[in-house]
Each structure stands twice: as structure tokens, then as C-alpha cells.
Amino acid sequence: MSVETGNTASPLAPDWLAVPADLNALQEPMWAGSVERNGAGALSVGGVSVQELKEQFGSPLFVMDEADFRARARAFKDSFDAAFADICGGVDVYYAGKSFLCTAVVKWVEEEGLRLDTSSGGELAVAARAGIAGERVALHGNNKSDAELNRALDMGLGRIVVDSLSELVRVGDIAQSRGEQAKVMLRLTPGVHAHTHEFIATAHEDQKFGLSMAADTTDQAGLSAAEEAVAAASAHPGIELLGLHCHIGSQIFEPDGFALAAEKLLRFLAAMQEKYSIVMPELDLGGGYGIAYTPVDTPRPAAEIATAMAAVVRSTCAELGITAPRISIEPGRAIVGSTTFTLYEVGTLKTVRVDAPASSGAGDGGNNVTYPRRYVSVDGGMSDNARPVLYDADYSAVLASRTSPAAPQLSRVVGKHCESGDIVVRDVYLPEDVAAGDLLAVPGTGAYCWALSSNYNYLARPGVVAVRDGSARLIVRGETEEDLLNRDMGA
């Protein structure tokens, strides 16, 4: 019977997952800058150990490195300003609040020179409570309510990104009825294929976002929805047309899609300028830059992204003979994702035996060979990280409360919910001696984990702790059972 020993890879593991040479090492770039192992072998962040965090705040717990967040935000601002200085005098960087938002984060964003991108009335409420100036805030959304649009106008938002012709008219009419002009950008779908999960690819035609740039063959004039919107916006007294916007998707590593989208929008902008004598002063190229969730992910530094995008904008504007518009971008995950890990406590463990995949070459003469897979249950799950079940997202994990000399064992980290799909980390090598009471840390959970969290099975949503310079503080309080019951109105 075959078993896993030493550093032998399991045939059950995916091809990309190698057995780590050192299970106790922290593999970059998945972790925030201050995360390390202390003298006792436990993980620490900002000088605070995970045992201290667990004792003070409980688990599960989102643990954020505040200095790392600020550094990543500043890197985007500084890198893009430098790359675009000769093109349009710099770049407006909007932090995509949908990735993770709270009032503390809004304040950090503003202090580091960034702006804020929101997508709902609730996110606008967070922005307002944090005190950020309205002109530094944008509002997205494919189905904004009248209440959200009125709130945006009340706050004096710097831009409202419009997704459809019907919404454009509604925004203009509401603003006109108030005796105002709404500052509008038109979100276009450039038809660029993004290499990512289909649910987070947003620039192809068959999806809910944006105005198509493809000519409408059923329309007598043959105009695209995007061109119709430009003409309608420029003629509406309630609209100040700022420019164009696109977003091709999320968790993207290849640069080709960003470059192609930028070129297509600049050509469209130039065509509209020539045809309608409309000068649109701004162009937003969205976000979607990928981060490292596993050791094989290879994110690009902000400076590299900026240089590549600037080259495309510079050359395309020169070819078209147009003045470059003011460029803006919307990174969210690329700023907050790697700043945070989720801290869990291990509960039950069990090991099952699974037939090796046929492609592994295991077995002899038709006899199946089985291999062990260990299930490591933790005190959270899909209620604090829905991305694995939504997008087949891969994560990694390490033993956080101590180091271990034990051999690696292929493990599956699972949650405590009543779903077999409640998987936190599908495949990871953890020490054989992991036991109940140990702490695990899952890196890269800063983006879209807390934001997508739920109360499934009536689990309380975890708190978020920011750590900096040896001090930890709650920036989002974890829920209690009383919180869960407060909305229950009784029989």
C-alpha cells in the first residue's frame, strides 16, 4: 500500500502544487510585508503574534497589515504618476471599495493620495461617514436606484459611471430636475477577452455591464450603443460628460488585455471627437490586476503595470494626433488582497483514502492504488470566504501557531458549514502533526472575503483587525449572537 512519506508529492495533488522544501517558510509574494515567524516559531504581523490576536479578538479573524496596505496604495499612486507625468500630468487612482471597505480604509486611502470607487448606497454611506470629499468619490453599478443617484448628487460626487442608455437618461433627468449637472463617465464594453474566471470577466458583450462598442446592425443608422450614449450625453442639459470608462475583469496577470482595451477606447474617443466635436477630458482604464493566492501566481509590480500602460497610451495618442485625456485606474484587490490573512483554529481532522487519478500513472496491472487525503476542519469556512465555492479559487495555508519538523501531508482545509463544497483551501501540504487547537493562517484574504461574507448556518461574521507598529485594533467589530438575533422580529 502506498503512503506519503518525506517530501514525496501525492498523486492526488494538482500539478502546480509542489511539496514545499520548508513547511515553516512563508512564500512570497502571498504575505504582507511585516508577516514573519517570531522567536517562538509563531506567525506575527506588525510585531504582534497570532496567539495574542487570537486571545484578544478570537477566531476566525481577518488580520490586516496597515503599513502594507498604505505602501501598496502609495506604490500605485507614485508609480502611475511617474509613468504618466509626460502624458497627462499623472493619474487619478481610485481604490475599488467593493474589494474591502470600512471607514478606516477610506481614511488611509485619502491620506495616501488616492480616491474612492463605490458601487452602492451602502458604500457611499461608508464614504460619507469617513468624511472623504465627494469630488474624490465615484459611483458604479448597473442598476443604481433613484435614491442612490440622489445621494451621489447630494454628496457632490466627482463621477457617476453610467452603464446603459436608459440609465443615462435617468441620471440626466434627475440632475436636471435638481437644477444640477451630473458628472458622468460612460462605461464601455470593448470586447476584450480577459483570461480569468467567467464570472469576473466583464468586457465581453454577453454580460450585464457597459455600453457595447459594436455597431448595431438592426439600427438604421448603424450606431453602437456607445456612440448613441456619447451623442445623448452631450445633448442632455443635466449631464456633464467627463469621458469613458472600461473594466475588463479581475485577477488578470497577462498585460495584453489591458493594452488592447486602452487602445480601443482611445480610438473611440478620437473618433467621437472628430465626428461630434466633443472633447472628453478623462479616460478610466479600470483595474483587475492579479495577486498571488498560491506560490505559482506571479503578480506584476505596480511600476511594471504603469510603464506598460503608459507606453500604449503615449504611442496611441501620438498616432491619433490627440491630446491624451487624464487617465484614471481602479485597483482594489491589488492593494488590499495580500495585506490580510485569515486566522483560524483547527478543530476535527480525518484522513480518507482516495484512488489516484489515472493520469498519475499509479497502479499496477489494473489494481487501483489509494492515497491519503487529510481533511482539516477550521472554525470558519464559506461564510468568511465564499471565493472557492463561487470561482473555484485556490488559496494556500500555513501552520501559524508554531513551527513543525513533521513531514508534509496533503491536506484539504474545510469549514464547518453544512455543505460538502465548504472548502477553504482545496490542496495544501501541511505538517503531519497538525492537531486540534493549532492555528492556521490563510494568506491573500483581504479582497472579496469579508466583503462577500455571510451568516450561513447563523455563524457570526468575523472581525477585522489592523496591526501596525506592535499595536492591534479592531477596524470592523466581529458579530455576536445578539447581533444575529436583533433583526429577528419574533412570531
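Which residue in S2 does Glu-36 stand opposite? Glu-36 stands opposite Ser-44 in S2.

View 1. The model is predicted: local features need pLDDT of at least 70, side-chain atom pairs count only at pLDDT 80 or more, and totals for chains, interfaces and linings use all residues. Residues are numbered from 1 along each chain as its sequence is written, and side-chain values use heavy atoms, with hydrogens and water left out. Three strands, in the order S1-S2-S3, form an open sheet with antiparallel pairing. Its edge strands, each pairing on one side only, are S1 (36-37) and S3 (48-49). Strands here are DSSP runs of E with at least two residues, numbered from the N terminus.

**View 2. The pairing of S1 with S2.** Strand S2 covers residues 43-45 and pairs with S1 over two bridges in the antiparallel sense. Two strands pair if DSSP finds at least two bridges between them.

View 3. Of the 491 residues, 54% are buried, meaning under 20% relative accessible area (1.4 Å probe, protein chains only). Contacts are heavy atoms within 4.5 Å; among those between residues at least 6 apart in sequence, 72% join residues at least 24 apart.

**View 4. Charges of the chain.** The mean positions of the 40 positive and 64 negative charges lie 3 Å apart. Lys and Arg count as positive and Asp and Glu as negative, while His and the chain ends are not counted; each charge is placed at NZ of Lys, CZ of Arg, CG of Asp or CD of Glu.

Technical notes:
Buried means under 20% relative accessible area, exposed over 50%, partly exposed in between (1.4 Å probe, protein chains only). Helices (H or I, at least four residues) and strands (E, at least two) are DSSP runs, numbered from the N terminus.
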